[in-house]
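I opened my notebook to look up a few things in this structure. Here is what I wrote down, entry by entry.

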Amino acid sequence: MNGRQLRARFRGVAVVAAGFLALAACGGGDAGAKGDGNGEAKAAAAARTVKHDAGTTEKVPDRPERIVSVSVTMTGHLLALDAPVIASQATPPSVITDKQGFFTQWSDAAAKNSVKVAYQGFEPDVEKVLALKPDLIVGASSGAENAEKFYDKLSAVAPTLLYRHDDVSWQDLTARLGKDLGLEKRASEVVAAHDKRVGEVKAAITVPKQSAALVRDNQSAMTVFTPESAQGRLLTSLGFTVLEPPAGKGQTQGGRSDFAEFSQEKVADTAKDSSLLFVSHTPEEITAATARPVWKDLAAVKDKRVYDLGLDTFRLDYYSAGNLIDKVEKAFG
C-alpha cells in the first residue's frame with residue numbers, strides 16, 4: 001500500500017468517526033438540545049497541538065490510549081512514564097536485547113504491560129503499524145531508527161510525534177514527553193526518583209581525582225562520549241570530571257553531537273592519566289581492548305582504573321541510567 005492509499009484509508013476512518021460524533025451530538029442530552037456548544041468545546045479540549053522535532057502535529061489525543069512506538073529507543077522513555085504503549089519497533093536480537101529485540105533494561109516492563117513487537121528492523125513497517133490501530137505514534141528523528149522520511153506515511157495512520165534523543169538528557173526528554181502526552185505528574189515523579197538516587201550514591205562513593213574518559217571500542221577506532229552526552233551528564237552529576245574528546249573533528253553518526261569517533265592512538269594520547277570507563281561492552285571485550293599495545297601501558301590500565309559501565313549504557317533512559325548508577329556505586333562505593 002502506497003502513501004496515497006494510506007491517506008485515503010485514514011480519511012475514510014476520519015469520515016466515519018465524524019459521522020459518529022455528529023450522531024452523538026444530535027442524540028445528546030439537554031446541553032446538546034440547547035446548542036450551547038459545550039460538546040464541541042469538550043471535543044476540542046480532548047486534543048492538543050504538539051510541536052516536535054519533525055514538525056507540528058494537531059489533534060494529538062489529550063489522553064492517548066493506544067501508542068505505537070516506532071523507535072526502540074523511545075519505548076523505554078514511554079514505559080517509564082506508564083504511557084499506554086501497545087506495541088514497539090524491535091531490533092534484531094543481540095547481547096543488549098531480549099529474544100524479541102527489546103532492550104534488556106526495560107524488557108521486563110514491556111512484558112508486564114503486554115507490549116507487542118510491531119515489527120523488527122529500523123525502517124517503519126507502515127502496514128503493520130496501521131493494523132495495530134494506534135491513536136498516537138511516537139518515534140525518533142535521530143539515531144538508526146530515525147523515522148523522518150516516513151513521517152508523512154505514519155501521519156496518515158495516526159497523529160505522529162518524532163523526537164531527537166541524542167542531544168538531550170533523558171530527563172529533559174522525559175519532561176518533554178510528559179508535557180506532550182499529558183503525563184507531567186508522572187514525568188516529575190520519575191525524574192525526582194532518579195535525582196534522589198543520584199544524591200544518595202554521590203554521597204556514598206569516592207570519585208577518582210583523575211578525569212573519566214567515557215569510551216567505546218570499535219576495534220580500529222574509539223568512540224569518545226562528550227561531557228554533554230547523556231552519559232557524561234550523569235557521571236558529572238555523580239561528581240566525576242568527564243574528559244573532553246580529542247582536539248579536532250572526529251567522525252560522527254547522523255550528525256550526533258554527544259559522541260565522536262577518533263583513532264585509537266589519538267584517544268590514548270588524550271586520555272593520558274584519565275580513568276577509563278567503557279560504555280556498552282562485555283568484560284571480555286574490555287580486556288581485549290586494554291591489552292592492545294596502544295592501551296596496555298596507560299596509567300589507568302596499569303593502576304586498574306578501568307571500569308565497566310554495563311552493556312545497556314549506549315542509550316540512556318530511566319532504566320539504563322539506574323543500572324549505570326548501580327555499576328558506579330559498586331565500583332566506587
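I looked up Asp217 and found Met222 of strand S9 opposite it. The model is predicted, so to speak of local features pLDDT must be at least 70, and side-chain atom pairs count only at pLDDT 80 or more, while totals for chains, interfaces and linings use all residues. Residues are numbered from 1 along each chain as its sequence is written, and side-chain values use heavy atoms, with hydrogens and water left out.

Next I checked the neighbours of S9. Strand S8 (residues 212-217) runs antiparallel to S9, joined by three bridges; strands pair if DSSP finds at least two bridges between them. S8 and S9 make a hairpin with three residues between them, and Gln219 in that turn has a positive phi of about 70°.

I then turned to strand S10 (residues 259-263), which pairs with S9 in the antiparallel sense over five bridges. Here I noted Val224 opposite Ala260 of S10.

Is S9 buried or exposed? I found five of the five residues in S9 (residues 221-225) buried, meaning under 20% relative accessible area with a 1.4 Å probe, protein chains only. Ala221, Thr223 and Phe225 point one way, Met222 and Val224 the other.

Last, I looked at the whole protein. I counted 15 helices and twelve strands, which are DSSP runs numbered from the N terminus (helices H or I, at least four residues; strands E, at least two). Of its 333 residues, 48% are buried.

Key
Buried < 20%, exposed > 50% of the residue type's maximum accessible area, 1.4 Å probe, protein only.
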